[in-house]
Amino acid sequence: MNEQFEPHQRPLDGLDTAILEQLAAIYDTLDPPPPTLDDTVLFALSLATLNAELATLLEGQAPALRAAETSATDSVTFTSSALQLMVSTAPEPDGSLRVDGWVTGGGLDVALYAGNTAHWATSDVNGRLLWRSIPHGPIRFLLRPADPEAKPVLTPVIEF
Amino acid sequence: MDGTGNHAGLETAMTGDTDLVDRAATLFEEFRGGRRELLEELVRLLNPTLWHLARSCRLERADAEDVVQTAWLRLVDRAETIRDPQTVLAWLGTTVRREAWRVARERGRTQPWENPEPGAADLGPGPMPGPVEALLRDEARRTLWAHFSRLTPRCQAILRVISRGGAPDYAALSAALGIPVGSIGPTRGRCLDTLRTYLTADPAWSTQ
């Protein structure tokens, strides 16, 4: 350590700049931000502006955790103050997922978010929903009640 | 607190870039003024810095991603409570650091959180996602990395964050790293000087 001058008063010279630039390049190689970081943040922000109610997993079911920590699940039920959504999956011939859902009410628009992509479906009179050819990975649902005054409902992320 | 303005000027000269804090402040102000679409530009502008901050708090990559996301959600939620748009990066940085502490506590990691000098013990390089030797093919970079790794965790954290294109100003760094603002400049200077001493003594290193 060189203490005989005030280091912070020495302007950065070419060598400092070169060191810092190389350091930035090293971190770009070793530990760059995930390529999906921006989109993940923007997606979360877009959901946040919906002012949605967060649904919870029915007690006793596998906890929904962040994608990296989840294990594959076949069937789960989410509850909110006004709505309940049960979903189960089955494999499609091509290895992707068929997702069947039952929601308390017909005519509800429900989005299945696979990553940052929304797949919308509308429940039939029996509350049935169906999505085909969904890729494996973290999934969450957004329920938009028919009543425009009612809050949308967002489920936690679950891995299928 | 002396010379903070000069330091910001130096950083700008260093990067040849408009100051990150100023650009963030402008975007944030216009976002609050109703141009909601500018939030995306703000996110893309600041995310690299926030990422490296989060990782400098010893967070795993997945946790760092969550913490950055949380900071943005808080910002949008509390946008109206931030009086000075110039502080938006400092605000985000502080939120990242606090969240990092919270996450680390939840993970039950044994961390000296009660350390009397915040920023000294809780900063450091997170675990690297891959073997350094394999990732750094360039000999000069491997040498730089080897010497950089000899620095204190605090030095590594500071240099990591300021090496990113457009350094945050000292107030932002101070808030985000939990280091008194008056210490940032001297610490950075000492860290860089120490690293230079190591490097110039090593014939394997060159800036070319």
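What follows is a set of exercises on the two chains, each with a worked solution.

The model is predicted, so that local features need pLDDT of at least 70 and side-chain atom pairs count only at pLDDT 80 or more, while totals for chains, interfaces and linings use all residues. Residues are numbered from 1 along each chain as its sequence is written, chains are lettered from A and ligands numbered from 1 in the order in which they are written, and side-chain values use heavy atoms, with hydrogens and water left out.

**Exercise 1. Describe the make-up of chain A and of chain B.**

Begin with the elements, where helices (H or I, at least four residues) and strands (E, at least two) are DSSP runs numbered from the N terminus. Chain B, by contrast, has ten helices and zero strands.

Next take burial, where buried means under 20% relative accessible area, exposed over 50%, and partly exposed in between, with a 1.4 Å probe and protein chains only. Of the 160 residues in chain A, 45% are buried; of the 208 residues in chain B, 53% are.

Finally consider contacts, meaning heavy atoms within 4.5 Å. Among contacts with a separation of 6 or more, residues 24 or more positions apart account for 49% in chain A and for 70% in chain B.

**Exercise 2. Determine how helix α2 of chain A packs with helix α3 of chain B.**

The helices in question span residues 37–48 of chain A and residues 38–56 of chain B, and they pack at an angle of about 130° with their axes 10 Å apart. Axes are lines fitted to C-alpha atoms, for helices over the stretch in contact, and angles run from 0 to 180 degrees between N-to-C directions. α2(A) is therefore oblique to α3(B), given that angles under 35 degrees count as roughly parallel, over 145 as roughly antiparallel, 65 to 115 as roughly perpendicular and the rest as oblique.

On the side of α2(A) the contact involves A:L37, A:D38, A:D39, A:V41, A:L42 and A:L45, which meet B:L39, B:E40, B:V43, B:R44, B:N47 and B:W51 in α3(B). These residues divide into seven nonpolar, one polar and four charged, where Ala, Val, Leu, Ile, Met, Phe, Trp, Tyr, Cys and Pro count as nonpolar, Asp, Glu, Lys and Arg as charged, and the others, Gly among them, as polar.

**Exercise 3. Is helix α8 of chain B mostly covered or mostly uncovered?**

Helix α8 spans residues 153–162 of chain B and is mostly covered, since nine of its ten residues are buried. Among the buried residues of α8(B) are B:R154, B:C155, B:Q156 and B:R160.

**Exercise 4. Characterise A:S133 by backbone and accessibility.**

A:S133 has a positive phi of about 55° although it is not a glycine. This residue lies in strand β8 (residues 128–134) of chain A. Because its relative accessibility is 44%, A:S133 counts as partly exposed.
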